[in-house]
Amino acid sequence: MTDSFIPVLLGTARPGRMSEAVAHAMVDLLQRRGTDTDLIDVADYPMSATGVTDGADVDRYRELITAADGLVIVAPEYNHSFPGELKLLLDTDFAAYRHLPVGFVSVSAGMMGGARMVEQLRLVALALGMVPVSPAVHVSKVREAIDDSGGFLQDSLEAVATTMVDELEGLSHLRSAIRTVASLP
Ligand SMILES: Cc1cc2nc3c(=O)[nH]c(=O)nc-3n(C[C@H](O)[C@H](O)[C@H](O)COP(=O)(O)O)c2cc1C
């Protein structure tokens, strides 16, 4: 058991989304290494416009992000970018993201693995004050990527996901130090 809380943010609400299985695989990976985690599902926070929460419990989202020591975002590539609902949810806070280590898992049905989406989301994360780690998990041909028990079928995906979480946990300790020096809450 580590002392970090690293939730997994599932960034699409599309009915039939394959990214959900990938998000569960990441939750499973974190739990197997003893890291405290939770699934934050963008579908639980319906928003029709920036600042229009349509009854979504955005305070709950903020609580989870404020408690987080790191964040994994799992999202598909839609027209070379991230889903709009993910951006709407991310835009509900600012301060809670400061120095928050973040890692990206992209999902696609094709061969590209959503890499173009990650490059765009990385810029958004920087604008929010997060600290993106370099290793990213690119899940191509998602229908063939998850095994019957819900884990990653390919060792290479499991390996890069592990490296990514290693870096998130390492940076979370630096974040604590920065917050102390900078007298941040
Ligand atoms: C609106 C939309 C746009 C998409 N654009 C892309 C794309 O740019 N690149 C890509 O590889 N796949 C694209 N896809 C296919 C996704 O890779 C596919 O839906 C995959 O299963 C991951 O997304 P999901 O979690 O919604 O299932 C798109 C799918 C939708 C619904």
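I begin with a working term: contact, and so packing, means heavy atoms within 4.5 Å. I also note that this is a predicted model.

Entry one, helix α2. I looked up which residues of α2, residues 58-67, are buried, and I found Val-58, Tyr-61, Leu-64 and Ile-65. They cover an arc of only 120 degrees around the axis, which puts them on the same side of α2. I then asked what these buried residues pack against, and the partners are β1 (8-10), β2 (39-41), β3 (71-76) and α3 (84-90).

I searched the whole structure for aromatic pairs and found 1. Tyr-45 and Tyr-61 form this pair, which is edge-to-face, with 5.8 Å from centre to centre and 65 degrees between the planes. The pair links distant parts of the chain, since Tyr-45 lies in the loop between β2 and α2 while Tyr-61 belongs to helix α2, 16 residues apart. I checked the burial of both, and Tyr-45 and Tyr-61 are each buried.

I traced α4 over residues 115-127, and its 13 residues reach 19 Å from the first C-alpha to the last, close to the 18 Å expected at 1.5 Å a residue. I listed Met-117, Val-118, Leu-121, Arg-122, Val-124 and Ala-125 as buried in α4. Seen down the axis, the buried residues of α4 fall within an arc of 165 degrees, so they line one face of the helix. On the face turned away from that buried side I noted the exposed residues Leu-123 and Ala-127. The buried residues of α4 pack against β3, α3, β4 (101-107), β5 (131-132) and β6 (137-139). Last, I looked at what follows α4 and noted Gly-129, whose phi is positive, near 90 degrees.

Note on methods. Residues numbered from 1 in each chain as written. Predicted model: local features only at pLDDT ≥ 70, side-chain atom pairs only at ≥ 80, totals over all residues. Heavy atoms only, no water. Buried < 20%, exposed > 50% of the residue type's maximum accessible area, 1.4 Å probe, protein only. Helix = DSSP H or I, 4+ residues; strand = E, 2+ residues; numbered from the N terminus. Arc of directions from axis to C-beta. Phe/Tyr/Trp six-rings, centres within 6.5 Å; stacked < 30°, edge-to-face > 60°. Expected span 1.5 Å × (residues − 1).
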